[in-house]
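I opened the notebook to record what I looked up in this model, going from one chain to the contact between chains and then to the annotated sites.

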Amino acid sequence: MKILVCITHVPDTTSKIQFTDNNTKFDKNGVQFIIGPYDDYALARAVELKEQLGGSLTVLNVGEADTEPTLRKALAIGADDAIRVNAHPTDSLFVANQIAHIAKSNGYELILMGRESIDFNGGMVHGMVGEILGMPSFSPVMKLEIDGDTVKMAREIEGGKEQLEAKLPLIAGCQEPIAEWKIPNMRGIMSARTKPLQVVDPVSDEVATSVSNFQLPPAKGAVKLIDKDNVEELVKLLKNEAKVL
Amino acid sequence: MSVLVYLEHADGAVKKSSLEAVSYAKALSDKLGAGDVVAVGLGSIVNDELAKAGTAGASKVLHVSDERLTAGIIQAHASAMAEVYKNVGASTLVLAKSSLGDAVAARLAVKLNAALVSNVVELPETSAGYQVKRSIYTGKAFAITEVTKEHKILAVKKNAVDLKTDGASAAVEAVSVNLSDADFAGKITATDKAEGDILLPEADVVVSGGRGLKGPENWGMIETLAKELGAATGCSKPVSDIGWRPHHEHVGQTGVKVAPTLYVAVGISGAIQHLAGVNSSKCIVVINKDPEAPFFKAADYGIVGDAFEVLPKLTEAVKALK
C-alpha cells in the first residue's frame, strides 16, 4: 500500500509562546521544534501499517529549509522517503493545495495526518485535501485498521466514539490512541541520513487568510488559597466573588 | 444576503454550542448589516427543538429532514450545507467549533471557495478590511486574522458571545437537497456513547481528576461532586493513558479543550499540556496536596490538601448552598 503522512513542524508543547517584530512573528528563540504530536500518532500508525501490509511510506511537510531536521526524524521513525514543499505554510488552504497536488501525481491510497496542528489548531487541512481530491476524509480518527480495501475506523465524537467503515483511498486526521508514539532507534537515525528527501516548489500561491498580528492573553492574577478545614469559604467565594455558582 | 448557521444536535436536542453560534451570527449580522440569520438543521429532529434557534437569534430555520443525515456523516453534511448556502444566497456561514463541525467546515470551504477561520473568539472588525480574532497555540495566544475572500466561514469557540435567549420564535421550513451515494462513502456501523451525560466540551462546569486520586475506584468522589455542581467529568492525560478513564474525558493539549465557567482540578499537578486544555476557563479551582504543584499558578482559588479529605467536605458545602 502507498501511504502518505503529512507532518507539521511545530514548537514543543512545553514552549513559552512569544512574538517579535511588533507582534507579527513567532519568536523562535530558545524554542525546540518537533513533529506535531497528532501527526506523530499518524506517522506511528502508518509505520505499523507498512510493517503489516508492505508498500511505501512517504512523509511530507510544507515548510522552509529549517523543517528538514523534523522530516529526518520522521525518516528515522520509519518513513521511506520525504518531500518538502519549499514554502512558508501561509494558511490551511495554501497547505491543502500543496498536499493535494503531490497526492494527485503520486496516487497514494491512504493519506494520514494529525487531527490539527498544535500551532494554529485549525483542524482543516485533511478535509480541504479530501474535498480538492474528491476523496472521503475522516477526523478525529482514534483507531484505523485495513481489511482488504476496507478501512475500519473509530472516530471520536463528543461523549464517546463511533465506528466507521469506508473504502480506500481516503484521508484521516488522527489522534491518540491510534498508535503509540515511536522513538527512533540508532539504526533508524543512521539510515535516515541517506534516505531521499526531495525538495519541490509550491504550485499555487492562493491563500484565504493571513495573520496581521499576534496577541498574548492577559496575565493571570495570584491564586487565592483557602484553608483545607474551611471549605465552606471556597463555596462562598465561588458564589459571591467569582459568581460562578 | 444572509448568514447561515450549521446546527448540530445530539440525543434529539440542538447542542448549546450551536445555539451560541446562532447568537454569534445574530450579533455579527447586527454589527455588519449582513442580513437575515438562517439556521439549518439536518436529519431527524423535532421542530420544537429547531425552533430554539429562533430564541437564540435566528429569523428562520431550514430543516433538511433526510433520515440519512441524522448521523454526522462529514461529506453528506458538507454537501447538504453547500446546497442550502447557495440556494439561500448566503455570504457567511457560522458554526460551533467541534470535531464534526471542523471536518464539515473544511470541506465546505473548498466547495464554496470560502475563507475558513476556526477558533473564533470575537466578532469581526471591519474598520479596515475584515479581521477576525482567533485563538491559537491551544489557547496560549491569539491571531488577528485578515480574511481575503468574499465568502466566509467562521467556526466559533465556546463563550465567544453570550447565548441570546430573548429572540422571537422562528418558523421552521422543510427543504430538500440532492445527495449522491458518494456523499455517504463512510458508513457508521456503531455508536458508543454515554447517554444523558453532560458533554465535556459543552459543559459550563467541569470537575477533573488526576493521578492524585490513586485509582479508578476512587472516581465516585469526582462524580458525586460533579453531580452536585451539574458538571461534566474530565481527567488528565496520565489517567486516560493508564485506562482509569476513557479517552474522551482527557482534557489537555492533545485531548478535549474545555472552556467552562468553573473548572475544578483535583489531584492534577498542572503540566503545561493540561493547562493548554483549560486556559479558556473563566474560573479555575485547584485542589492538590502538593503546595508546589504548578497548577496553583494558573488557578484563581486553591486548597492545599488531600483530595480524599477535601472532596467530601466540598461536596457537602455545595449541597448546603442549595
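**Chain A, overall**

I counted six helices and 15 strands in chain A, where helices (H or I, at least four residues) and strands (E, at least two) are DSSP runs numbered from the N terminus. This is a predicted model, in which local features need pLDDT of at least 70 and side-chain atom pairs count only at pLDDT 80 or more, whereas totals for chains, interfaces and linings use all residues. Residues are numbered from 1 along each chain as its sequence is written, and chains are lettered from A and ligands numbered from 1 in the order in which they are written.

I noted that the C-alpha trace of chain A spans about 65 × 45 × 40 Å along its principal axes. Of its 245 residues, 49% count as buried, a residue being buried if 20 or more other C-beta atoms lie within 10 Å of its own, exposed if 12 or fewer, and partly exposed in between, with C-beta atoms placed from the backbone. Among the contacts in chain A with a separation of 6 or more, 71% come from residues 24 or more positions apart; two residues are in contact if their C-beta atoms, placed from the backbone, lie within 7 Å.

**The sheet and the helix across it**

I traced an open sheet of ten strands with mixed pairing, in the order S13(A)-S7(A)-S6(A)-S1(A)-S8(A)-S12(A)-S9(A)-S10(A)-S11(A)-S12(B); two strands pair if DSSP finds at least two bridges between them. The edges are strand S13 (197–200) of chain A and strand S12 (187–193) of chain B, each with a single partner strand, so one side of each has no neighbour in the sheet. The twist from one strand to the next averages 25°. Inside the sheet, strand S9 (residues 137–147) and strand S12 (residues 170–174) of chain A pair in the parallel sense over three bridges, and A:Val141 stands opposite A:Cys174 in S12(A).

I then looked at helix H1 (residues 37–53) of chain A, which lies across S1, S6, S8, S9 and S12 of chain A and runs at about 150° to S8(A); axes are lines fitted to C-alpha atoms, for helices over the stretch in contact, and angles run from 0 to 180 degrees between N-to-C directions. A:Lys50 is in this helix, and it counts as partly exposed because it has 18 C-beta neighbours inside 10 Å. Leaving aside neighbours within four places in sequence, A:Lys50 is in contact with A:Ile3, A:Gly55 and A:Leu57.

How much of helix H4 (residues 125–133) of chain A is buried? I found that eight of its nine residues are, among them A:His126 and A:Glu131. These buried residues pack against helix H3 (92–106), S8, S9 and S12 of chain A together with H5 of chain B. Just after H4(A), A:Gly134 takes a positive phi of about 65°.

The contact between the chains takes 77 residues from chain B and 66 residues from chain A. On the side of chain B, helix H5 (residues 99–111) gives the most, with ten residues. Strand S15 (residues 224–226) of chain A also runs parallel to strand S17 (residues 301–304) of chain B, joined by three bridges, and the partner of A:Lys224 there is B:Tyr301.

**Annotated sites in chain B**

I checked the UniProt record, an unreviewed entry, which places the feature "binding site" at positions including B:Arg211, B:Gly267, B:Ser269 and B:Asn288; such annotations may be inferred rather than shown by experiment. B:Arg211 is in the loop between strand S13 (205–209) and helix H6 (219–229) of chain B, and is partly exposed, with 16 other C-beta atoms within 10 Å. Not counting residues up to four places away in sequence, B:Arg211 touches B:Ser236, B:Pro238, B:Val239 and B:Gly267. B:Ser269 is in the loop between strand S15 (262–266) and helix H8 (272–278) of chain B, and is partly exposed, with 19 other C-beta atoms within 10 Å. Beyond four places in sequence, B:Ser269 is in contact with residues including B:Gly210 and B:Asn288.
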